[in-house]
Amino acid sequence: MNSGTAFHTADTPIELSEKANVRYELVIRQQPLRGRMSGNSMSQKRDRRLITPPLILQLVKYEHDTKIRVDESYSQFLCHLKLVRTPHPKRRTTSFELAMDELLGTPLSECVLLTDDTNRQGMFFIFPDLGIVSPGFYQISCQAFRIDLCLF
């Protein structure tokens, strides 16, 4: 691929388990399709070419299979990304390699309460400033988790 970056993300939602009757799901609301290569030398560090469109994930909570759009503890959720180099889609190989050194920007996002395109409130993770250093094919791995605050 010529100085570009292609992305692949799973079409199926990612489920997070908490209790038997409560589960969470990460839904891709907007996924990056392409990126432009950013330089990795010190003189090119200022050339921040971001992946487009920015990755936006929605966290959906289910209680007894009933969808709950907003959880009162939304501010306790974080989402972390990992960049994985994947083989060319036309090649038949299954080797995947962690490529965190290739990722520019902030791979951690806190959950925010926003209104979506259907005018409904929801819990979202937004990654607006991600860039890739080298051309290639990548997959973004997402992991959401909850931080419970403990007072001593």
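Strands, like helices, are DSSP runs numbered from the N terminus, a strand having at least two residues. In the predicted model described here, the chain contains zero helices and 14 strands. Read from the N terminus on, its elements follow the order β-β-β-β-β-β-β-β-β-β-β-β-β-β.

The mean pLDDT of the chain is 78, and 70% of the residues reach a score of at least 70. The lowest confidence is found in strand E1 (residues 4-8), with a mean of 45, and the highest in strand E10 (residues 108-110), with 95. Residues 1-12 have a pLDDT below 50, although in the model this stretch makes 36 contacts beyond near neighbours in sequence.

Among contacts with a separation of 6 or more, 71% are between residues 24 or more positions apart.

The largest nonpolar core comprises 23 residues, and the members that touch the most others are Leu26, Leu57, Phe125, Phe127 and Cys142. At least two residues of this core come from each of strands E3 (22-30), E5 (55-63), E7 (77-85), E12 (121-127) and E14 (136-146). The surroundings of Phe125 can be given in detail. When residues up to four places away in sequence are not counted, Phe125 touches Leu26, Leu55, Ile56, Leu57, Leu59, Phe77, Leu78, Cys79, Ser109, Glu110, Cys111 and Ala144.

Charged side chains were considered next. The structure holds six salt bridges. One of them is formed by Arg23 and Asp65, whose closest N and O atoms are 4.0 Å apart. Because Arg23 lies in strand E3 and Asp65 in the loop between E5 and strand E6 (66-68), this pair ties together parts that are 42 residues apart in sequence. Arg23 is partly exposed, its relative accessible area being 23%, whereas Asp65 is exposed at 64% relative accessibility.

A salt bridge also joins the side chains of Asp117 and Arg29, with an N to O distance of 2.9 Å. This pair links distant parts of the chain, since Asp117 belongs to the loop between strand E11 (112-115) and E12 and Arg29 to strand E3, 88 residues apart. With a relative accessible area of 70%, Asp117 is exposed; Arg29, at 34%, is partly exposed.

Arg85 and Glu102 form a further salt bridge, in which the closest N and O atoms are 3.7 Å apart. Here too distant parts of the chain are linked: Arg85 is in strand E7 and Glu102 in the loop between strand E8 (97-98) and strand E9 (103-104), 17 residues apart. Arg85 has a relative accessible area of 24% and is partly exposed. Glu102, at 17%, counts as buried, because buried residues are those under 20% relative accessible area. Finally, salt bridges with shared partners unite Arg23, Glu25 and Asp65 in one network.

Note on methods. Residues are numbered from 1 along each chain as its sequence is written. This is a predicted model: local features need pLDDT of at least 70, side-chain atom pairs count only at pLDDT 80 or more; totals for chains, interfaces and linings use all residues. Side-chain values use heavy atoms; hydrogens and water are left out. A nonpolar core is a set of buried Ala, Val, Leu, Ile, Met, Phe, Trp, Tyr and Cys residues joined through side-chain atoms within 4.5 Å. Buried means under 20% relative accessible area, exposed over 50%, partly exposed in between (1.4 Å probe, protein chains only). Helices (H or I, at least four residues) and strands (E, at least two) are DSSP runs, numbered from the N terminus. Contact means heavy atoms within 4.5 Å. pLDDT is the predictor's confidence in each residue, from 0 to 100.
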